[in-house]
Amino acid sequence: MTANSSRALVVLTTCANAEQASSLAEALVTEQLAACVSALGGITSTYRWQGQLQRDQESLLIIKTTEARFAAVERLIRERSSYELPEVLAVGVVTGSADYLSWLEAAVEDRMPPVRQSKARTEG
C-alpha cells in the first residue's frame, strides 16, 4: 500500500450460521468492500447478553479491507446481520507482504474489474 493510501484492516464479525456468513462474504467481495473474506464455521462464542451467560455456535468472518472502506463494511454488516448488536471489530495491519497489500488495496478500489466467477484463486 502506498504511503498516502488507506491502511489495511482485518475486520471480524460473527454470523448465526454458515448460510448468512456465505451471503455476507459474497456481498462484501462483490461490492468491492473487501478483497477477501475467510469464513470459519462451527466456532463457539461464550458471552454475557442481557445479564445471562450465552453460548452459541456461529460462523466467524475474517474480512480483509482498508480504513477507507470500513464505514461501508460496517453498514453492510449491520444491514444484513440477524443480530440485534452485531460484532464489528477492526484490527489495523501493522505489516504484511507488499504484493498482497497492493492486491488488497486494488481489490477494494474502482480500478479493479468487477468480480467474475473464475477458477483462479488468490489465498485470503
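**Figure 1. Cover over the buried face of helix 3 includes strand 1 and strand 3.** In this predicted model, local features need pLDDT of at least 70 and side-chain atom pairs count only at pLDDT 80 or more, while totals for chains, interfaces and linings use all residues. Residues are numbered from 1 along each chain as its sequence is written, and side-chain values use heavy atoms, with hydrogens and water left out. Helix 3 spans residues 98-107, and its buried residues are Leu101, Leu104, Glu105, Ala106 and Ala107. Buried means under 20% relative accessible area, exposed means over 50%, and partly exposed lies in between (1.4 Å probe, protein chains only). Helices (H or I, at least four residues) and strands (E, at least two) are DSSP runs numbered from the N terminus. The chain has three helices and four strands, which follow one another from the N terminus in the order β-α-β-β-α-β-α. Of the 124 residues in the chain, 31% are buried.

**Figure 2. Valine 10 and cysteine 15 are two residues of strand 1.** Valine 10 is partly exposed, at 22% relative accessibility, whereas cysteine 15 is buried, with a relative accessible area of 5%. When residues up to four places away in sequence are not counted, valine 10 touches Ile62, Ile63, Leu89, Ala90, Val91 and Val93, a contact being heavy atoms within 4.5 Å. With its neighbours within four places likewise left aside, cysteine 15 is in contact with Gln20, Ala21, Leu24, Glu58, Ser59, Leu61 and Tyr83. Cysteine 15 and leucine 60 are 45 residues apart in sequence, yet their C-alpha atoms are 6.4 Å apart in space. For valine 10 and glutamate 67, a sequence separation of 57 residues goes with a C-alpha to C-alpha distance of 9.5 Å. Across the chain, 71% of the contacts between residues at least 6 apart in sequence join residues at least 24 apart.

**Figure 3. A salt bridge joins arginine 7 to glutamate 67, one of two salt bridges in the structure.** A salt bridge is a side-chain nitrogen of Lys or Arg within 4 Å of a carboxyl oxygen of Asp or Glu, and for the side chains of arginine 7 and glutamate 67 the N to O distance is 3.2 Å. The pair links distant parts of the chain, with arginine 7 in the segment before strand 1 (8-15) and glutamate 67 in helix 2 (residues 67-80), 60 residues apart. Arginine 7 is partly exposed at a relative accessible area of 43%, and glutamate 67 also counts as partly exposed, at 40%. Side chains of opposite charge can pair when their charged atoms come close.

Figure 4. Glutamate 74 is partly exposed at 23% relative accessibility, and arginine 78 is partly exposed at 46%.

**Figure 5. The second largest pocket holds about 290 Å³ of space.** On a 1 Å grid over the protein atoms alone, a pocket is an open set of points where a 1.4 Å probe fits, with protein on both sides within 12 Å along at least five of seven lines, and lining residues have an atom within 4 Å of a point. Points are joined across faces, edges and corners, and the volume is the space filled by probe spheres set on them. The lining consists of Thr14, Ser45, Tyr47, Arg48, Trp49, Asp56, Glu58, Tyr83, Glu84, Leu85 and Glu87. By class, the lining has four nonpolar, two polar and five charged residues; Ala, Val, Leu, Ile, Met, Phe, Trp, Tyr, Cys and Pro count as nonpolar, Asp, Glu, Lys and Arg as charged, and the others, Gly among them, as polar.

**Figure 6. Glutamine 32 and glutamine 50 have positive phi values although neither is a glycine.** Glutamine 32 has a phi near 55° and is found in the loop between helix 1 (18-30) and strand 2. Glutamine 50, with a phi of about 50°, is found in the loop between strand 2 and strand 3. Glutamine 32 is buried at a relative accessible area of 14%, whereas glutamine 50 is exposed at 62%.
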